[in-house]
Amino acid sequence: MSAVEATVEATREPVRRRRMAPSTRLLRSELRLIGGRRRNQAGLAVLAAVPILMAVVVRFFSSGPGENDGPNFLSSVTANGLFVPLAALGVEVAMFLPLAMSMLAGDSIAGEANIGTLRYLLTVPVDRTRLLAVKYASLCIGALWGVAAVVVPGAIVGLALFGAGPLPTLSGTQLTFGEGLWRVLLVSLYLSAGLAAFAAIGLFISTLTEQPIGAAIAAMIVNIVAWILDQVPQLDWLHPWLFMHDWLSFADLMRDPIHWANLTHGLWIDLAYAVVFWLLAWARFSGKDVTS
Amino acid sequence: MTQLTEERADARDPAPDPRGPGAGAPDGTLAVHTSGLTKRFHHQTAVDSIDLAVPRGAVYGFLGPNGSGKTTTIRMLLGLVQPTAGSRTVLGMPIPQQANEALHRVGSLVEGPAFHPYLSGRANLARLDAADLLADPRTARARIDAALERVGLMAAAGKRYRAYSLGMRQRLAIAAALLQPRDLLVLDEPTNGLDPQGTREVRSLIGSLASDGTTVFVSSHLLAEVEQICTHLGVMREGRLVAQGTVAQVQEAGQRLLRLETPQPQAAVGVLEGLGVREVTVHGEVVRGIPESLEGEQVVAALVHAGVGVRAFAVASPSLEDLFVALTGEGFDVSG
């Protein structure tokens, strides 16, 4: 027995000396897991295909821009290549980007529970709060990736087909090309924040089930219902509180000067949704029996 | 048989037995200790107030049929499932209060292997290592290789987990449990899905880990898989711990059985019952019963005195296997 205890002491000692420093290893592992998955790579390719398709169609087939409910950047595409990513974001923000987010978020906890890896992560051990924080951080980075997958190829193809010049704003003034790039970056960050808020809803749903596809579909239904509710005039009191209500206000970043009112409101709503749904996810997950 | 079970259940003792390695020791020298540990799912009681005592350094065989509550107990020990009642300590630390500290010292295999199918075996281990805040990233590569080597998976380390056979998956799960030096290994059915050769290898692996001083808590529904390597046994039946102690203690607790061959079985039954032998049964010329504290020579003398011919006579302790069957109920039935 004393020999056993000696071994025990010897092996425990280095552990005590090492401090539990914050480490990004799990987050990096998480990002590799997301980024390495074929399904997600295919999803990014689809997101990237839309602006390319739009630019090619406008450049080679279009006789004139059609009608569009959202901010109509498509009609300005021929004026400056940077309008390609903006037009593509306007098209993808309601369905494609939330769909991509739903898939990632649905997978986050339910995916691990479904294949049983959740129990092995938790017994490593990974603190449950830490796991939820890392999962959410990876979803936020995933939102950035998703938007970048639209904006970067869109900008490259747009600039190649339509050239880079001064950027006409929605207010009628002109921005320098550098200022235009900066505005496009702000639009990307703004929409990423919106998607990250939506991802918190997805994360919460993902803690409710062991079926990742079910969680993704449920998140997507939440998104669709929100867009429908936003169209019902009788519910106008509700509209400012819908998580996606201010997403299309990203167009305000293309005014001169920038029209901040809706954007700031949108960012506060994003923050509120992120905090509330992350806490709901935590409340659900922290004491949950993991029987998968 | 029922009576036997109940007696064992009453006789269970939360404190370590004087004859065990944890002799008279305080809680700290128990690798696993639970008291009144209970889990109810809705209306079903999966684990019913069990008091486990696993001494440090023991190889503890946690036996019971499928569905008897072994895996739920293990999940509670590892903090995956919240008990309905009762308390648990692992390596002297209460769960869940000190779960993070305790679980670093515990390698576990719970209800079969589970990994990301599209990652290689090595990448799967790297992910688990990355999740460990106490793991040193500089030694990760070496530790992962050592673990893979130990379970004989080096050659298949780069293959996708999806392509692994069941046996390889099981080995990978054991490798994951060996990524760090451990004080306690909790292995739930570690030989499931392994061929006889693989089963032998896992058994010898457990043996070598135990000889390094690691406490091993190994569950199985097959006594034969673990009886050669265990120093201690705990037997579960329908959520209750019906026997616990060193192998010898558990075996001694089994009641001795009397077996008599005689040409006059009916006369023998009268004599035996007169002596106080319980549960006397007759099959042809063979009479069986439970002699309680009676000595064999007393019984034979009484039989001869009554003019009953004795062709063969024996009083013996049941084999561990007979005892296991007696404690856990019949054969293939799934409890609960």
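What follows is a chat about how to read a predicted model with chains A and B.

Biologist: Before we start, what sort of model is this, and how are the residues numbered?

Modeller: This is a predicted model, where local features need pLDDT of at least 70, side-chain atom pairs count only at pLDDT 80 or more, and totals for chains, interfaces and linings use all residues. Residues are numbered from 1 along each chain as its sequence is written, chains are lettered from A and ligands numbered from 1 in the order in which they are written, and side-chain values use heavy atoms, with hydrogens and water left out.

Biologist: Okay, let's begin with the parts list. How many helices and strands does each chain have?

Modeller: Helices (H or I, at least four residues) and strands (E, at least two) are DSSP runs, numbered from the N terminus. Chain A has 10 helices and two strands. Read from the N terminus, its elements go α-α-α-α-α-α-α-β-β-α-α-α. Chain B has 12 helices and 15 strands.

Biologist: And how do I read "buried" here?

Modeller: Buried means under 20% relative accessible area, exposed means over 50%, and partly exposed is in between (1.4 Å probe, protein chains only). In chain A, 49% of the 292 residues are buried. In chain B, buried residues make up 54% of 336.

Biologist: Can we try that on one residue? Where is B:Thr199, and what does B:Thr199 touch?

Modeller: B:Thr199 is found in helix H7 of chain B, residues 196-211. B:Thr199 is buried because its relative accessible area is 6%. Contact means heavy atoms within 4.5 Å. Leaving out residues up to four places away in sequence, B:Thr199 touches B:Thr191, B:Leu194 and B:Glu225.

Biologist: What share of the contacts comes from residues 24 or more positions apart?

Modeller: Among contacts with a separation of 6 or more, those pairs account for 78% in chain A and 69% in chain B.

Biologist: Now the place where the chains meet. How many residues are in contact there?

Modeller: There, 40 residues of chain A are in contact with 46 residues of chain B. Buried area is the accessible area (1.4 Å probe) that two parts lose on being put together, summed over both. For chain A and chain B that comes to about 3,900 Å², with 57% of it on carbon and sulfur atoms.

Biologist: How many polar contacts and salt bridges join the two chains?

Modeller: A polar contact is a pair of N or O atoms within 3.5 Å; within protein, one must be able to donate a hydrogen and the other to accept it, and residues adjacent in sequence count only if both atoms are side-chain atoms. Between chain A and chain B, 18 residue pairs are in polar contact, both at pLDDT 80 or more. The side of chain A that touches chain B takes its largest share, six residues, from H1(A). By class, that side has 16 nonpolar, 10 polar and 14 charged residues. (Ala, Val, Leu, Ile, Met, Phe, Trp, Tyr, Cys and Pro count as nonpolar, Asp, Glu, Lys and Arg as charged, and the others, Gly among them, as polar.) As for salt bridges, the rule finds four across this interface.

Biologist: Which residues are linked in a network of salt bridges?

Modeller: The network links A:Glu30, A:Glu112, A:Lys135 and B:Arg127. Within it, A:Glu112 and B:Arg127 have their closest N and O atoms 2.7 Å apart.

Biologist: Why does the pair of B:Asp183 and B:Arg105 tie together parts of chain B?

Modeller: Their side chains meet in a salt bridge (3.3 Å, N to O). B:Asp183 lies in the loop between helix H6 (166-177) and strand S8 (184-188), and B:Arg105 in the loop between helix H3 (99-103) and strand S7 (106-109), so the pair ties together parts 78 residues apart in sequence. Both B:Asp183 and B:Arg105 are buried.

Biologist: Last one: how many disulfides are there?

Modeller: A disulfide is a pair of cysteine sulfur atoms within 2.5 Å, and the structure holds zero of them over all chains.
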